[in-house]
Amino acid sequence: MDAAGLDTEGRDFTSAREMWKEELGVEDCGDESNDACRAKRCDWYQKGIAYWQGVEASMDGVLGGYGHVNDTDVKGSEAFLKPLLLERFGTGSRRLVALDCGSGIGRVTKNLLLRHFNEVDLVEPVSHFLEAAREKLAPEEDKKFSEQKAVNFYCVPLQEFMPQVGRYDVIWVQWCIGQLPDDDFLSFFKRAKVGLKPNGFFVVKENTARTGFVLDKEDNSITRSDSYFKELFKQCGLFLYRTKDQKGFPEELFPVKMYALVTDKPKSSNGGKGKSRQHKPGIIKS
Ligand code: SAH
């Protein structure tokens, strides 16, 4: 987090702290009683929302012109998710519920989550995206009792969203958390934790910067490095259960990583390093 970063207009920052200070006003600006702070934060989010409001409600729209990566993305997510579901919830008859954060037009819900969960809720601040999702996903009258369905459509940004306590097995956060500055990132995950059921977990699937961060001045979003993410997860009180790189995306895109995060320290953690380690002698730490 102390690493240097840059923005898409070619400006260098010596640290994220310097960048946030500039974007959001005075340091550690969580002070809502300060009008200048509030206004700057409002501007930050307004620019992001305005950008997305001008984007077509289509696969190409939500994927920045890369609609064709959808299949690869979904396959990568599925390969990551399936073993996690088995390990965390077993093969029992538990009815699974997921939350799709920053859902856009419901791409992840439709292609991934509804195949593995009985109920999915969507949260998305841009109404024309959410309406497109609702049209595509809301069950018809005759399917109201179907086994897999999208249930709630919340038109709220993540920084204001409060989940229902204990409703979700998985909270899926993909390609949207960069819209939130660090302090709102932390408070979102801290709040969202209470929305998880026992053994529930978060999946964060996001672009990653090679080092530091890249601030996109067009949609006011920040692409964080792997170590930046890990530092924030730690500050949220979350533990990394597993991580994996998404493979097969076009070279020119940011590398994409998936993180599975849990609220209790994993008992036999393999540090997210994949399976191989489980067969090697472990180092016992106190
Ligand atoms: N997760 C979806 C959409 C990705 S596009 C998918 O993978 O297909 C990024 C999405 O983030 C857009 O739908 C945009 O409206 C949403 N977004 C923008 N600002 C947000 C905020 N503050 N909170 C939650 N979502 C936001």
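The legends below describe close-up views of a predicted model of one protein.

View 1. The predicted model holds eight helices and eleven strands. Of the 286 residues in the protein, 49% are buried. Among contacts with a separation of 6 or more, 69% join residues 24 or more positions apart. The accessible surface comes to about 14,600 Å², and carbon and sulfur atoms account for 51% of that surface. Mean pLDDT for the protein is 91, with 89% of the residues at 70 or more.

**View 2. The open sheet of seven strands.** The strand order is S5-S4-S3-S6-S7-S11-S10, and the pairing is mixed. Strand S5 (149-154) and strand S10 (239-245) are at the edges and have a single partner strand each, so one side of each has no neighbour in the sheet. From one strand to the next the twist averages 20 degrees. Inside the sheet, strand S3 (residues 97-101) and strand S4 (residues 119-123) run parallel and are joined by five bridges. In this pair, Ala98 is placed opposite Val120 of S4. Strands in a sheet pair through backbone hydrogen bonds, in either a parallel or an antiparallel sense.

View 3. Helix H7 (residues 182-193) lies across S3, strand S6 (168-174) and strand S7 (196-207). The direction of H7 makes about 150 degrees with that of S7. Helix H8 (residues 226-235) lies across S7, S10 and strand S11 (256-262). Relative to S11, helix H8 runs at about 15 degrees.

**View 4. Helix H4 and what covers it.** Helix H4 (residues 70-89) has 20 residues, which at 1.5 Å a residue should span 28 Å; the end C-alpha atoms are 27 Å apart, in agreement with that value. Buried residues of H4 include Val74, Phe80, Leu81, Leu84, Leu85 and Phe89. Asp73, Glu78 and Arg88 are also among the buried residues of this helix. An α-helix has 3.6 residues a turn, so residues three or four places apart point the same way. The cover over the buried residues of H4 includes helix H3 (59-62) and helix H5 (107-116), together with strands S6, S7, S10 and S11. Just after H4 comes Gly90, with a positive phi of about 70 degrees.

**View 5. The open sheet of four strands.** The order of the strands is S2-S1-S8-S9, with mixed pairing. Strand S2 (12-13) and strand S9 (221-224) are the edge strands, each pairing on one side only. Strand S1 (residues 5-7) and S2 run antiparallel and are joined by two bridges. Gly5 has Phe13 in S2 as its bridge partner. Helix H8 packs on this sheet, where it touches strand S8 (213-216) and S9, and its direction makes about 100 degrees with that of S9.

**View 6. Strand S8 and its two partners.** S8 pairs with S1 in the parallel sense over two bridges, and with S9 in the antiparallel sense over four bridges. Toward S9, the bridge partner of Val214 is Thr223. The hairpin of S8 and S9 has four residues between the strands, and in this hairpin Asn220 takes a positive phi near 45 degrees.

**View 7. Two further residues with positive phi.** Trp175 is not a glycine, yet has a positive phi of about 50 degrees. This residue is in the loop between S6 and H7. With a relative accessible area of 26%, Trp175 is partly exposed. Asn199, likewise not a glycine, has a positive phi of about 70 degrees. Asn199 is located in strand S7. Its relative accessible area is 43%, so Asn199 is partly exposed.

View 8. Over residues 274-278, pLDDT stays under 50. For these residues the model has three contacts beyond four places in sequence. Where pLDDT is low, the predicted coordinates should not be read in detail.

Technical notes: Residues numbered from 1 in each chain as written. Predicted model: local features only at pLDDT ≥ 70, side-chain atom pairs only at ≥ 80, totals over all residues. Heavy atoms only, no water. Pairing = 2+ DSSP bridges. Axes fitted to C-alpha atoms, helices over the stretch in contact; angles between N-to-C directions. Contact = heavy atoms within 4.5 Å. Expected span 1.5 Å × (residues − 1). Buried < 20%, exposed > 50% of the residue type's maximum accessible area, 1.4 Å probe, protein only. Areas by Shrake-Rupley, 256 points an atom, 1.4 Å probe, with all protein chains shown as cover. pLDDT = per-residue confidence, 0-100.
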